[in-house]
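This briefing sets out selected features of the structure shown below, grouped by topic.

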Amino acid sequence: MNNIDDARSKYSTYGNGKSIIEILNIGFEPLLTDDEFQIFKGIGEIRKRKYQAYKSIKILKNLLLWNDDKAYIVWANRNILELENKIKIYEIQEKCSKKLFKYRLQSHISRTRELHDNRNFSNKDQYRNIAIFESDLTRIFGCQDLEHCNDIISIVTYYTEIFESIMNNGFNYKEKHYIFFTAGAGQTRCKKSTFVSEDKFNKNFNRLFCGLTKEEINKQGGMNTNKYLAYTSLCQSNSEIWKEFNIDRAIVVDDIEFEIPSQTVRNIYTESPEDKKKLAELNSNIRDITTEIKFLKDKKRNLPNGNRRTKEEISYEKRLKNDKKLLLREIDVLKSKYHRSVIKPMSVTIPFTDGFGISLRKMQSSMIRVPFIKGLIAYCPKRTFINWCSENKYTLHKIKDIYGKLHSINDIDYILTKSQFKMWKYFNNVLDNDGNVIKTGWEVYKDNFKKYNCDACRCNVERKVKLNAKSNYQILQTLTTEMSDEDILKLAEYDINNLNQIGRNVQSMLNVLNANEKKNSNMNWLQKSLILYPEMLKDYYVKTLLKNTKDSMIKKMRSGKFNLNGAYTFAIPDTLACLQWWFTDMDRSNIAQFGFIKKDHISCNLFNDKEEVDCLRSPHLDHTHCIRINQNDESSKNWVRSNGIYIGMDDIMSKLLMFDNDGDKLLVHNNQTIIKCAKSFQNKYGMIPNYYDMPKANPELLTSSSLFNGIVMAYHHGNIGTPSNEITKIWMTLSPTSTREEIENAIEVISLRCADVNFTIDFAKTLYKPTIPDDIIKKYKSFSGKKVPHFFIYAKGKKKLQVEELGECNIDRISNIVKCNKIVFKNLLGKYSYKTLMKDPNVDMNSSKVEQIMSLYRELEKTNLRKLSHIDISNLNTYEKMRTMLQIEYDSNKQRDMFISMIDETKEYVTDVLIKSLQDDINKDTLWRLFGEVIYNNIKNNISNTKLCSKCNNRFKTTNNRSKYCNKCSKELNRINALRRYYV
């Protein structure tokens with residue numbers, strides 16, 4: 001057994017994707033040299049004094065308003081003047097200190113820095129431990145569940161000089177040297193990067209990157225630096241081991257790409273490489289002419305008195321000036337084409353399998369992570385396809401991989417595509433002296449994969465997809481011109497009914513707390529326990545939770561969040577169409593005949609056959625509601641083997657929603673109110689996709705310098721918040737009373753801003769942003785000058801001064817339309833007893849351990865309240881929410897283990913003591929986070945062989961699963977039925 005097998009057998013959680021690892025996360029302060037740190041602290045002190053001086057001036061000026069004493073006025077004004085002079089001195093000191101600090105940083109770029117952990121940092125974010133889920137990287141480095149890993153450090157960059165220094169030289173910490181590892185697209189948007197211990201990296205390099213080195217890439221001309229970083233960061237994704245994967249049964253084939261002719265698109269022209277070249281030439285010519293004109297003017301100035309220039313010289317100067325005017329006009333004409341949209345018919349290129357592959361072996365749809373391979377893979381049954389070919393009299397051909405080798409369908413289980421194999425061009429065929437292929441590039445990769453014990457991993461595995469999605473303001477704001485007050489009430493109906501039934505209906509209360517197995521696939525222990533033992537709704541803590549949840553739900557509704565009968569699920573290309581394209585000789589010029597999905601249809605198991613559904617993608621910025629008919633008949637069931645949304649070939653949905661097929665998820669729902677409003681908008685204004693070219697960055701040699709430059713460029717151009725918020729400001733100006741001209745103008749500007757968002761998102765990989773002419777910027781500014789909409793108070797936690805007045809857009813109107821009743825708790829259930837939550841209801845509460853347990857619990861509770869009090873989960877984006885919940889989960893596991901260890905008693909005993917002591921507490925968050933699983937198991941054991949009576953809602957013992965009523969109600973019902981039979 002080798003070291004890897006030893007590691008796997010040692011840790012029972014190895015490879016399941018659920019382990020949580022603690023790593024160090026730092027800012028720039030720990031990396032400062034001693035002299036840099038002293039200057040930095042000095043700048044902080046100066047700022048502090050300056051702030052105190054400003055504060056004192058403000059207090060004195062306020063007091064002057066209420067004091068008429070002349071002596072006091074003289075004294076106060078003298079003090080204000082002194083403080084103002086001090087502020088001027090502080091500003092000079094701050095400016096000089098900043099210059100000195102910058103100079104020191106620049107002079108230390110070539111220095112190998114030390115990480116200092118014993119300083120008084122300005123805030124905890126400069127040096128703290130964070131939790132990450134296990135990944136291929138943590139497994140390869142031998143990181144253990146719930147333990148700290150010293151080999152991985154996450155760094156947030158503030159000063160590029162420090163980042164350049166550690167990029168080039170690494171840094172030292174606790175007798176280890178750390179080097180730059182990678183910074184993926186998501187990390188660069190947050191100015192983060194990952195550094196690892198050099199020793200661990202060198203030992204595991206080949207396993208991480210399947211033997212492909214930077215030197216080999218550079219030998220072949222290099223590559224886009226930020227794409228290299230994106231591909232090397234794949235091993236950081238939270239993943240599990242893909243145990244069934246056999247690389248010898250996998251191949252890589254060309255992607256499916258085709259054109260759909262005569263599609264109406266909004267073509268947005270951005271400067272082409274030829275334009276850039278032309279512009280550079282024109283500017284160069286202008287510079288040359290300007291220099292020549294300056295020379296002629298200097299010559300004229302230096303002429304002796306009485307001398308005049310020749311006619312030829314005067315004519316030459318005029319010609320130069322005229323040429324310059326013509327060149328400037330040519331530049332204006334060239335730039336006038338930029339960032340313009342024209343609606344016209346065009347052929348639309350559809351990259352059908354962009355990031356998608358097929359498994360011919362049964363498996364769940366998953367995103368895959370194999371060294372330099374990423375994307376989505378979905379199952380399509382091999383035998384069903386072979387039978388289809390036989391029934392329809394199509395010959396099954398061999399499939400050719402990207403290296404030219406043919407394969408029979410019987411010899412393969414996994415068909416990966418070139419778009420998934422990110423570094424395919426750097427794994428080359430090995431040739432003999434005569435140019436014959438000895439080994440294909442894929443075989444080279446496979447040999448390395450096995451030689452270096454690489455792992456195939458998968459993430460976002462489709463296990464449970466439930467119809468529990470919510471709308472958001474982006475989805476609804478696009479319907480603001482069509483959505484009436486009645487539509488808003490209809491949309492809110494489910495949530496309003498649940499809120500108004502709090503205290504009156506058991507199921508509604510469970511729904512509000514998200515304790516619903518049909519809608520929540522990731523319930524916590526409290527939610528599971530409530531379903532098991534609904535009598536717990538009478539508990540003070542749960543009642544308080546209901547009240548708080550109601551307030552939170554009202555806030556969410558005012559920000560456009562309503563329950564939809566929908567789900568976020570994988571976008572999957574028609575799998576039959578893919579296999580037909582690759583294995584048969586069907587006519588590729590007629591794409592309508594490929595696949596099982598009809599035109600204007602999709603196929604999704606979550607909805608009924610012929611049901612109308614709406615397909616959306618987040619972020620949802622322009623009006624892209626793709627309304628389709630669901631196909632869920634007998635024939636489609638042969639091919640639909642997941643809960644994803646299957647999309648046909650003859651569909652430009654990918655261009656409308658701007659998604660790839662590498663694991664992007666779409667929101668699919670059947671809410672008739674939204675569909676009605678979306679149809680109304682489309683009937684008036686159409687639904688036209690944006691279409692534009694996305695240039696690619698030129699390849700570069702991979703060096704510390706080129707990687708640094710690529711990352712820093714991405715830092716400065718990767719913020720999508722500005723254009724995204726500006727789009728919301730545009731929608732905010734519309735309402736059901738808006739004119740057609742206002743709406744069409746808004747649509748055009750939104751289309752251009754959507755293109756800006758996509759260029760910004762992809763900037764980390766393309767290093768390109770389009771030039772925007774001044775007149776277009778002026779159009780943008782007519783909207784961007786406004787404050788954010790009023791509903792951002794609820795959606796983003798903004799203050800009243802930061803938002804516009806309440807407007808007429810549909811999200812603003814919600815607060816005046818949606819109203820809720822007061823909560824009145826009725827006696828709906830039988831008796832609740834906290835003892836049902838305990839293992840031993842007679843636990844000894846006089847033991848000395850009880851005081852120790854409660855003391856430790858209260859300390860922990862205060863710590864958790866302080867830690868979580870500032871976090872409003874509802875206002876976080878998806879990534880921030882996941883990161884916060886991960887940290888909470890990690891803290892809970894760690895705290896529980898430490899708690900039990902310190903008390904030195906069983907978790908069941910500790911839980912019983914806490915339940916009995918806290919029975920009247922209104923806050924038991926910490927109890928449920930730490931010991932929820934124990935409580936759930938106690939309830940399960942205590943109420944086994946019992947049921948709730950369907951008539952009186954009291955719990956009764958039963959040995960018969962068919963029993964619905966307790967003895968008392970059963971006798972009463974039997975008596976009533978007997979009387980009915982007698983009188984009838």
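N460 is partly exposed, with a relative accessible area of 46%; by the convention used here, buried means under 20% relative accessible area, exposed over 50%, and partly exposed in between (1.4 Å probe, protein chains only). This is a predicted model, in which local features need pLDDT of at least 70 and side-chain atom pairs count only at pLDDT 80 or more, while totals for chains, interfaces and linings use all residues. Residues are numbered from 1 along each chain as its sequence is written, and side-chain values use heavy atoms, with hydrogens and water left out.

**Backbone features**

- N460 has a positive phi of about 50° although it is not a glycine, and it lies in the loop between strand 20 (457-459) and helix 14 (473-477); helices (H or I, at least four residues) and strands (E, at least two) are DSSP runs, numbered from the N terminus.
- E175, also not a glycine, has a positive phi near 65°; E175 belongs to the loop between strand 5 (171-173) and strand 6 (176-182) and is exposed, with a relative accessible area of 87%.
- S618 and P619 are joined by a cis peptide bond with omega of about 0°, and P619 is found in the loop between strand 23 and strand 24.

**Barrel**

- A barrel is closed by 6 strands in the order 21-25-22-24-23-26, with mixed pairing; two strands pair if DSSP finds at least two bridges between them.
- Strand 21 (residues 566-573) pairs with strand 25 (residues 645-647) in the parallel sense over 3 bridges, and P573 has I647 of strand 25 as its bridge partner.

**Aromatic pairs**

- The whole structure holds 44 aromatic pairs; rings of Phe, Tyr and Trp (its six-membered ring) pair if their centres lie within 6.5 Å, and planes under 30 degrees apart count as stacked, over 60 as edge-to-face and the rest as tilted.
- F180 and F195 form an edge-to-face pair, at 5.6 Å centre to centre and 75° between the planes.
- This pair links F180 in strand 6 with F195 in strand 7 (residues 192-197), 15 residues apart; F180 is buried at 13% relative accessible area, and F195 is buried at 0%.
- F245 and F449 are likewise edge-to-face, at 6.4 Å centre to centre with 75° between the planes.
- F245 lies in the loop between strand 8 (240-241) and strand 9 (250-253) and F449 in helix 13 (residues 441-451), so the pair ties together parts 204 residues apart in sequence.
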